[in-house]
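User: I would like to go through this model and ask what stands behind the terms used for it. Please set each value against its definition before you conclude.

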Amino acid sequence: MQVSEETFMGVPRKDIPWCPAIDYEKCDYCMECDEFCPHGVFERREGEEKKLVVAHPENCVVFCKVCAKTCGPDALSFPDKTETLELIKRLREDKRDG
Amino acid sequence: MAEKNKPVVLPCNGIDKEAGAISRELALLLLEKGADVICPVLYQSNPKRYQKKLESGKLLVIDGCKTGCASKLAREHGLKIAKKATVNELLKEENLKSGKSPVIGTEKLGLLPAWAERLEELEDIVAEEGGTHFKTPVSFRQFAFDKFIFKVPEAGYFFNENDCWARVEGDRARLGVSDYVQQSASDIIFFEPPEVGKELNMFDEAGSIESTKTALDIISPVSGTVTAVNQELVEAPELINSDPYVAGWAVEVALSDFESDRELLMDCAGYFDYLNEKVKKEYRKRYGGK
């Protein structure tokens, strides 16, 4: 079966670079964000230097930043909302103009 | 007898973080200036201990970081928050960040007396009432999937793909979350409103909610200025479960550019179809099959 492509506001999800970035200088691997996120964006890597990675950015809900609120050391950041919205608008126009 | 409207300070007091330590120091500075202070730990185990002070005073909550534990504690106990500040935001204004060590840095210690004064001057969080808008009855369409029934209003609402709605009347809108959100989140137990006066761009956070299962932001479908928050919802967040589209409204905004916002939104019929597809997809993801 052909799986239909995930989209957000009519734009392929993979074209929207919205996902958390981990600041490894600050992250203390408490894993609260991973425990919180119901979309499986993060993945734990036992025995590796970076014990937590953003493994599935495409699962992240565009414009959702709630995981950052669970982060005590403030190690999670997101792209700029306005820029992301501008990009989405541009991609929608490109699509409309063919 | 306790003095009426005396400030009562509830700091986060987090002992393992610098921001928490700063919230404690600020509370102590305010104590010296005559405020009452609540120890969150003692309050947790014996809330009656502070009942009198809270009844007669005005609650100032000082959170350390975005986790907002002090605000949460206040809401869990049904306390009315009159004023609120967050240490990390105060630090940001000075281009500073909380450090790794929970011991307060010297430079930051020097800032605290001025901050304490600012906190004394903080304005109360006030909410206006909604006025004459949004009184007309709303009718719904619904569809069933598996054992669930999803409702969507028939007209007057606009939706984004984050399942948040704007009910638009003239230059005003009320914002909230859809029936789908309330069913997926299950029992809603907190609503944290944004501040009245906050400027919202499209997709900015217009408050947040927490359920027994999860937490989420209300992502604004429109741009505008927050003119009111639903105080009833602060007191009874479960209104979102019982009536997500009407009584469960979260905030009211004065719209700034709805004509351009609406190009990016779905109307009721559009959201009805979108939600139908979304629910099917979620179900397939979870249980496989067609």
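**Strands, helices and chains**

Analyst: In this predicted model, strand S12 (residues 205–211) of chain B is joined to S13(B) by 4 bridges, and the two strands run antiparallel.

User: What makes S12 and S13 of chain B a pair?

Analyst: Pairing asks for at least two bridges between two strands, and S12(B) and S13(B) are joined by 4 bridges, so by that definition they pair. Within this pairing, Ile209(B) has Leu216(B) in S13(B) as its bridge partner.

User: Which strands make up the sheet, and why are some of them said to stand at the edges?

Analyst: The sheet is open and has 3 strands of chain B in the order S10-S12-S13, with antiparallel pairing. Strand S10 (188–192) and strand S13 (215–219) of chain B each have a single partner strand, so one side of each is left without a neighbour in the sheet, and they stand at the edges. Neighbouring strands of this sheet are turned against each other by 25° on average, direction ignored.

User: How do you know that S5 and S6 of chain B pair?

Analyst: Strand S5 (residues 140–145) and strand S6 (residues 148–153) of chain B share 6 bridges in the antiparallel sense, and since at least two are needed, they count as a pair. Arg141(B) stands opposite Val152(B) in S6(B). The hairpin of S5(B) and S6(B) has 2 residues between the strands, and Asp146(B) takes a positive phi near 55° there.

User: Which residues meet where H1(B) and H6(B) are in contact?

Analyst: From H1(B), Ile22(B), Glu25(B), Leu26(B), Leu29(B) and Leu30(B) take part, and they meet residues of H6(B) including Leu112(B), Trp115(B), Ala116(B) and Leu119(B). By class, this contact has 9 nonpolar, no polar and 3 charged residues.

User: What brings chain A and chain B together in terms of residues?

Analyst: In chain A, 16 residues are in contact with 17 residues of chain B. Helix H2 (66–69) and helix H3 (81–96) of chain A are the elements that give two or more residues to the side touching chain B. That side of chain A has 9 nonpolar, 3 polar and 4 charged residues.

Methods
Residues are numbered from 1 along each chain as its sequence is written. Chains are lettered from A and ligands numbered from 1 in the order in which they are written. This is a predicted model: local features need pLDDT of at least 70, side-chain atom pairs count only at pLDDT 80 or more; totals for chains, interfaces and linings use all residues. Two residues are in contact if their C-beta atoms, placed from the backbone, lie within 7 Å. Ala, Val, Leu, Ile, Met, Phe, Trp, Tyr, Cys and Pro count as nonpolar, Asp, Glu, Lys and Arg as charged, and the others, Gly among them, as polar. Axes are lines fitted to C-alpha atoms, for helices over the stretch in contact, and angles run from 0 to 180 degrees between N-to-C directions.
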